[in-house]
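Here is a friendly tour of one protein model, written for someone who likes to know the cut-offs. Have the viewer ready, and let us begin with a single residue.

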Amino acid sequence: MRRQLISVRNYVTSGVTQLPYYARNLPSYLWQARQMKLQFSVHYISYISTLVLLIALALGLYTRWEHSQDLTILIIGVVGMFLFGISCALTYYFSMESVSSALVHLWLGCLLGMVSFTEKVEFSHDTAEEVMNIMLLTSLVLYCFSVIGEQFKSSAAIEATMLTKSELLEMTGMVIASFLTDKDFVSVALLTVALGITIIGIRMKSILAVLNLLCLVIVSATLFFPALKVSVNIYSLCCFVGRVVVEPLVDLFISKLTVLERWQVFLRSSQFRRRIALLIMATAQISHLCVAARFMPNHKEWYIVVPIFVAFAVLWFLFHVVYFITCWQLMNKITDCNLTFGSLHDEGKNISRIMASKGVRHFSLISQRLVLYTIISTLIIAIIGFETRNGLTISMLFIVLPLELMVLSLLLELGSVLGGTCVGYALVVPASYYRQDGGATLLPAVTLQEVGARSTQILNQIQRFFSYHIIDTYGCDYSSSGITAESLETKLKTFFERRTTDGPRFDTYVVYYSGHVHNSGDWALADNGLLKITTLLEWWREQNTDYGARLILILDTEHSYTWVKPIRRNNTDFVAIQTYKASKITDPEEGCEVHIGDFTKDWVEYNCGNELGVKWGGVSRVVKPLYGSSKCWSDFTFHLPTNEDIAQHWNANFPKITRHLIKAINFPNFGSVCCCCDCVLKCLKRKRMIWCPPLELDTGHGFKLIRS
């Protein structure tokens, strides 16, 4: 009896001691219960939607068989029941849910197609038909709610995909239904392919694809099916289109994946697959032109329309040659970026920085206008052939159009998201005590060894910085005996003349220096030479006339903070300086608490992914980061292609026969209607940089300028 009482007491005691634990975790338990409830609710809505859809399809098939006595409808209904039974057996007895789901979606698309293409006036107003229409719309609404709930679930996996299996199978079922009902199988199949390509465009988060979807729906309802002389059930078609489109549309506005992350499904594929995709796209474009030309003689005024069509067809061909070459070169650049991405370590893997360093942004900005004119030429061909339209020409147009719109959307995204090009040059000179009178100072061998080791470490760190941010490296020079003024002038002027492989200048030039300086911040060079800030900016202006590139100076020296004020007073150049100021400086001969290289170590570490590991605002920190920028720094924008850049790009990449088109593309640029607002915004940005400069100034290349 006593043992039982002791065991009861221990049980109660353990329960009481665990009460705080359960009370502390009560919110998480409630959240998990809520998530499970939401998950079950979403599944129930999905099942109810499918059940309502099946009842509606069964009712529709029965109504059609009752009025037509068509044996095909009866066979399809029986086969559908048989397949649904097999799918249930595969799910509950063999756990083959993927195969079961594939059969269900395939036959749902087929049954929706049968109901759509067997519509007749005789039974369009029957009670059973109207009930079916209401149930189809109800099923679509329930399916929309289930998709939205699935997207809002925290457990919903966010993956980049082009086309899901369910969408592909339901569209395949629709094509099968058009074949069984003998309703111009080729045209309906091509229109279904056009719908699938439009869905892929929406999956790629293209707003232009949404506009194309609206045009596709309107044209199909008003032109396509009347051209086929086919009576269709609009409710079943709406249910079909809604089922395959609602998930991409919801994903477009809810998913947190960026456009580039969406496109990685295609861009990260092999070069062979991407080139095959380009060849298929070119085949579709040529087929569209051939189909339009085939029916052009049917026009009642063919003697006028045909010559006009031939003239614009030549223009169409030239623009599409340019379009194909542009896409081919873009894929070559993507291949180069993928190779660079694969060769880097995990620390520096960032596809956006790699694309920016390869000049993809500049290429995209130039190509946007070329692709836009290609789309306009496609629309002109469609407008000329409007009177001779049929199901084939309409479906081919909506196969080609979303493909070209997707390419334009990708180029627009690459041109707006990617940063500009950047090139860097580093000069490291071992920094020991420097006497202003130019006399020699004898240092112990141990001190010289420490200075040399510190300089080597600085060089390795700046090389890591250039590599991490994919900065094109002009050179990382190490000079143990110093550098003369003539050699430095030659080096810097050659560096400032450097251009990208595509021809334009780099957007940003980064100069790093660590070495001897005077108290004024001027660089102490060999043979008692020096480099002043005014001289450096003069060299920069000689090479940067009317281009608008910017210069960033990163200086790890003892007195470089004195250069900050003259740079802040600069009103003509896009120049910035990043350096530091030591809070306590002792006599160098007695030993320094702050060593040259300490700032570089922390700054590189901070800009290479370890932002939490470096605390710039600590009270005990001796090395205080400091940056300064010119007055017009906030006006800087990455280089936009000029007419000369477009002409140079055209002459270097496209055939001579297409060079006459450059006159149509290089139209004059008109002033912005909001120029007054732009001036006000520029003024406000300048005042903000002067009065309240940010603690971290983003350069647009992945690294930041810091002040404490």
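Is Lys205 buried or exposed? Lys205 is buried, with a relative accessible area of 19%; buried means under 20% relative accessible area, exposed means over 50%, and partly exposed lies in between (1.4 Å probe, protein chains only).

## About the model

This is a predicted model, in which local features need pLDDT of at least 70 and side-chain atom pairs count only at pLDDT 80 or more, while totals for chains, interfaces and linings use all residues. Residues are numbered from 1 along each chain as its sequence is written, and side-chain values use heavy atoms, with hydrogens and water left out.

## The chain as a whole

The protein chain holds 23 helices and ten strands; these are DSSP runs numbered from the N terminus, with helices being H or I of at least four residues and strands E of at least two. Of its 708 residues, 47% count as buried. The chain exposes about 36100 Å², and carbon and sulfur atoms supply 63% of that area (Shrake-Rupley method, 1.4 Å probe; for residues, only the protein chains shown count as cover).

Among contacts (heavy atoms within 4.5 Å) with a separation of 6 or more, 80% join residues 24 or more positions apart.

## Two packed helices

Helix α6 (residues 165-181) and helix α7 (residues 185-203) have axes that come within 8 Å and cross at roughly 165°. That makes α6 roughly antiparallel to α7, a label for angles over 145 degrees. Axes here are lines fitted to C-alpha atoms, for helices over the stretch in contact, and angles run from 0 to 180 degrees between N-to-C directions.

Which residues of α6 meet α7? They are Glu167, Met171, Met174, Val175, Ser178 and Phe179, and their partners in α7 include Phe185, Val188, Leu195 and Arg203.

## Two loop residues with positive phi

Most residues other than glycine have a negative phi. Lys205, in the loop between α7 and α8 (207-228), has a positive phi near 60°. Ile470 lies in the loop between α16 (445-468) and β2 (472-478), and its phi is positive too, near 50°. Ile470 is buried, with a relative accessible area of 15%.

## Cysteines

How many disulfides does a search of the whole structure find? The search finds zero, where a disulfide is a pair of cysteine sulfur atoms within 2.5 Å. Cys215 is partly exposed, with a relative accessible area of 40%, whereas Cys337 is buried at 0%.

Definitions and conventions
Parallel < 35°, antiparallel > 145°, perpendicular 65-115°, else oblique.
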